[in-house]
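This briefing goes through one protein chain, from its overall layout to single residues. Please have the sequence and the model at hand.

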Amino acid sequence: MRKAINNITFLTSILATQAYSQTVFPCTDEDQEIANEALSTAQEMLEFAIEGFDGGGIDFGLKAGIWLGARNSTDAEEIRDTYERALVFSEGMKFLCAVDSSFNAIAAVNQDVPVPYIMLGEAFFGLEDNGFDSQPGSVIHELTHGLLVEGTNFLDSERYGTDEALKLAEEDPRTAMSNADNYQYFIEAYYFSLDPP
Ligand SMILES: [Zn+2]
């Protein structure tokens, strides 16, 4: 889950799942179009990153170290596989839109249903389509939640924001490699050619 930029309220995906099961929020046509565009860009970004890992470029390795704490080819392989599973998970992904102000997140994923979906909060539609904390990057963030830290309470351990992600990669690479924001920022930095802020 991504926290809303101007809101410090967090929901776990479990709580959010319960909320979703009670009320369905279909997206408007306009919002659906924005969400589909973000998903399509997210898939391009994932493919680009996987190709980058397979090609083994030096600059790519450097960014993977800065953002994900990757120190060697084993780490790089693990990260690559996470992105590949995120890409597979993204196929056929559906979106719902929260029109309810009680949903205080940018987005949250529900993976425990026959057809997984990502719930988008109003804050999602205020994000840019590129740069750090972008719409497609936020979709990638949610996709990695379908794959990371199974069986643990990622709400307690999830760390948010570029500063926290950079610190985590430097001080605790293992945690960085299971933190959704680190996966999001790495791929945004790589795809959009961004230096750390
Ligand atoms: Zn999250």
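Along its sequence the protein chain reads β-α-α-α-α-β-β-β-α-α-α-α-α, a pattern with 9 helices and 4 strands. Helices (H or I, at least four residues) and strands (E, at least two) are DSSP runs, numbered from the N terminus. The model is predicted: local features need pLDDT of at least 70, side-chain atom pairs count only at pLDDT 80 or more, and totals for chains, interfaces and linings use all residues. Residue numbers start from 1 along each chain as its sequence is written.

**Burial and core**

- Of the 197 residues in the protein chain, 41% are buried; a residue is buried if 20 or more other C-beta atoms lie within 10 Å of its own, exposed if 12 or fewer, and partly exposed in between, with C-beta atoms placed from the backbone.
- Residues at least 24 apart in sequence make up 68% of the contacts in the protein chain between residues at least 6 apart; a contact requires C-beta atoms, placed from the backbone, that lie within 7 Å.
- The largest nonpolar core has 50 residues; such a core is a set of buried Ala, Val, Leu, Ile, Met, Phe, Trp, Tyr and Cys residues joined through C-beta atoms within 7 Å.
- L68, L120, I140 and F186 have the most contacts inside this core.
- Leaving out residues up to four places away in sequence, L68 touches I79, A169, A176, M177, N182 and F186.
- In soluble globular proteins, nonpolar side chains tend to be buried together.

**Strands**

- Strand β3 (residues 105-110) is mostly covered, with 6 of its 6 residues buried.
- β3 and strand β4 (residues 117-120) run antiparallel and are joined by 4 bridges; two strands pair if DSSP finds at least two bridges between them.
- Within this pairing, V109 stands opposite I118, and N110 has Y117 as its bridge partner.
- Strand β2 (residues 94-97) is also joined to β4 by 4 bridges, but these two strands run parallel.
- Y117 in β4 is the bridge partner of K94.

- Two packed helices are described by the angle between their axes and the distance between the axes.
- Axes are lines fitted to C-alpha atoms, for helices over the stretch in contact, and angles run from 0 to 180 degrees between N-to-C directions.
- α5 (135-145) and α9 (180-191) pack at an angle of about 140°, with their axes 8 Å apart.
- α5 and α9 are therefore oblique to each other; angles under 35 degrees count as roughly parallel, over 145 as roughly antiparallel, 65 to 115 as roughly perpendicular and the rest as oblique.
- On the α5 side this contact is made by G137, S138, I140, H141, T144 and H145, and on the α9 side by A180, D181, Y183, Q184, I187 and E188.
- The axes of helix α4 (residues 73-90) and α5 come within 9 Å and cross at roughly 100°, so α4 and α5 are roughly perpendicular to each other.
- Here T82, A86, F89 and S90 of α4 meet I140, L143 and T144 of α5.

- P136 lies in helix α5 and counts as buried because it has 26 C-beta neighbours inside 10 Å.
- Apart from neighbours within four places in sequence, P136 is in contact with A38, T41, A42, M45 and D129.
- T41 is 95 residues from P136 along the chain, yet their C-alpha atoms are separated by 5.9 Å.
- Q43, in helix α2 (residues 29-55), is partly exposed, with 19 other C-beta atoms within 10 Å.
- Not counting residues up to four places away in sequence, Q43 touches L87 and S90.

- D133 has a phi near 55°, a positive value in a residue other than glycine.
- D133 sits in the loop between β4 and α5, and with 20 C-beta neighbours inside 10 Å it counts as buried.
- S193 is not a glycine either, and its phi is positive at about 55°.
- S193 belongs to the segment after α9 and counts as exposed, because 9 C-beta neighbours lie inside 10 Å.

Definitions and conventions. Two residues are in contact if their C-beta atoms, placed from the backbone, lie within 7 Å.
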